Amino acid sequence: DHMVTCLVAGATGAVGQQIVRLLVTNMAVSSVVVLTRRAVPAAGEAAAVAWAREHLGLTDNELAKKIIAVHVSEADWEHDDASMSALDVMARDFAVREQAWLQTLLQTPAPAALVQVMNGVDVVFTAMGSSRANSETQAAQAATSYHEGFATWLRRVDCSQNIKLAQAARAANAKGLVRVSAMSSNAKQFGTPEQYWGWCESFHT
């Protein structure tokens with residue numbers, strides 16, 4: 001029987017860790033590629049096992065051997081912050097700006113670095129998402145406003161990175177993509193987290 005290679009984005013979060021545990025205990029899964037912004041382990045099985053224990057909570061060494069940690073930098077996501085700055089000047093209206101940004105995102109090719117990582121991956125799982133409790137979100141809120149700061153990271157992570165991940169999975173011919181979302185996702189619920197989640201749902205389906 002064909003063994004499956006899976007990839008998990010957002011694996012170090014609470015939900016992502018649960019997904020990883022379910023996958024490594026599945027006899028049909030040969031390996032689990034984990035995308036991470038953290039430094040990846042040095043070469044060698046012992047280092048890889050120690051990394052999986054520290055960042056993924058895996059205490060079984062044999063299961064931890066299934067983990068392949070791959071570093072993905074902010075540059076690999078190809079965020080176009082310059083384009084958003086230009087939109088800020090062109091469209092002071094928040095709704096107009098966000099719609100223009102979304103259309104630009106959907107027309108942009110999948111990031112090459114992500115497509116390369118996807119080679120040989122059968123199924124992609126994503127639990128990526130931002131939170132008001134996240135230090136980066138709070139810093140953005142302090143620099144702008146409560147709403148705009150949170151919107152910055154909803155746009156960047158919940159929407160942009162998940163869509164780029166799906167684009168890469170499609171370009172690499174992955175067989176499936178599973179995204180952890182929310183029942184309240186609604187692309188028409190303007191100005192809320194549900195809107196960004198809804199945009200993702202529309203793209204993935």
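A quick definition before anything else: contact here means heavy atoms within 4.5 Å. With that in hand, take Thr137. Leaving out residues up to four places away in sequence, Thr137 touches Ser130, Ser131, Arg132, Gly149, Phe150 and Trp153. Keep in mind that this is a predicted model.

Let me stay with Thr137 for a moment. Thr137 sits in helix 7. Is Thr137 buried or exposed? The relative accessibility of Thr137 is 1%, so Thr137 counts as buried. Now compare sequence and space. Thr137 and Asp122 are 15 residues apart in sequence, and their C-alpha atoms are 32 Å apart.

Next, Gln141. Gln141 is also part of helix 7, which spans residues 135-143. Gln141 has 13% relative accessibility, and the cut-off for buried is under 20%. Therefore Gln141 counts as buried. What does Gln141 touch, not counting residues up to four places away in sequence? Arg132, Tyr146, Gly149 and Phe150. There is a polar detail as well. A polar atom of the Gln141 side chain lies 3.1 Å from the backbone oxygen of Tyr146.

Now the whole chain. How many helices and strands does the protein chain have? The count is 9 helices and 5 strands. Reading from the N terminus, the order is β-α-β-α-α-β-α-α-α-β-α-α-β-α.

On to overall dimensions. For 205 residues, a compact globule would have a radius of gyration near 17 Å; this chain comes out at 18 Å, which agrees. Along the principal axes, the C-alpha atoms fill a box of roughly 55 × 35 × 30 Å. Of the 205 residues, 43% count as buried. Take contacts between residues at least 6 apart in sequence. Of those, 71% join residues at least 24 apart.

The surface, briefly. The protein chain exposes about 10400 Å². Carbon and sulfur atoms supply 56% of that area. For charges, we have 16 positive and 19 negative side chains. The centres of those two sets lie 2 Å apart.

Back to single residues. Gly16 is in helix 1, residues 14-24. Gly16 has a relative accessible area of 1%, so Gly16 is buried. Beyond residues up to four places away in sequence, Gly16 touches Val8, Gly10, Ala11 and Ala127. Gly16 and Thr108 are 92 residues apart along the chain, with 27 Å between their C-alpha atoms.

Leu63 next. Leu63 belongs to helix 3, residues 61-64. At 24% relative accessible area, Leu63 is partly exposed. With residues up to four places away in sequence set aside, Leu63 touches Val24 and Thr25. Leu63 and Leu114 are 51 residues apart along the chain, and their C-alpha atoms are separated by 25 Å.

One backbone point to finish. Most residues other than glycine have a negative phi. Asn173 is not a glycine, yet its phi is positive, about 65°. Where is Asn173 found? In the loop between helix 8, residues 146-171, and strand 5, residues 176-179. Is Asn173 buried or exposed? Its relative accessibility is 63%, so Asn173 counts as exposed.

How values were computed: Residues numbered from 1 in each chain as written. Predicted model: local features only at pLDDT ≥ 70, side-chain atom pairs only at ≥ 80, totals over all residues. Heavy atoms only, no water. Helix = DSSP H or I, 4+ residues; strand = E, 2+ residues; numbered from the N terminus. Rg over C-alpha atoms; globule rule 2.2 N^0.38 Å. Buried < 20%, exposed > 50% of the residue type's maximum accessible area, 1.4 Å probe, protein only. Areas by Shrake-Rupley, 256 points an atom, 1.4 Å probe, with all protein chains shown as cover. Lys, Arg positive; Asp, Glu negative; His and termini not counted. Charge placed at Lys NZ, Arg CZ, Asp CG, Glu CD. Polar contact = N/O pair within 3.5 Å; in protein donor to acceptor, adjacent residues only side chain to side chain.
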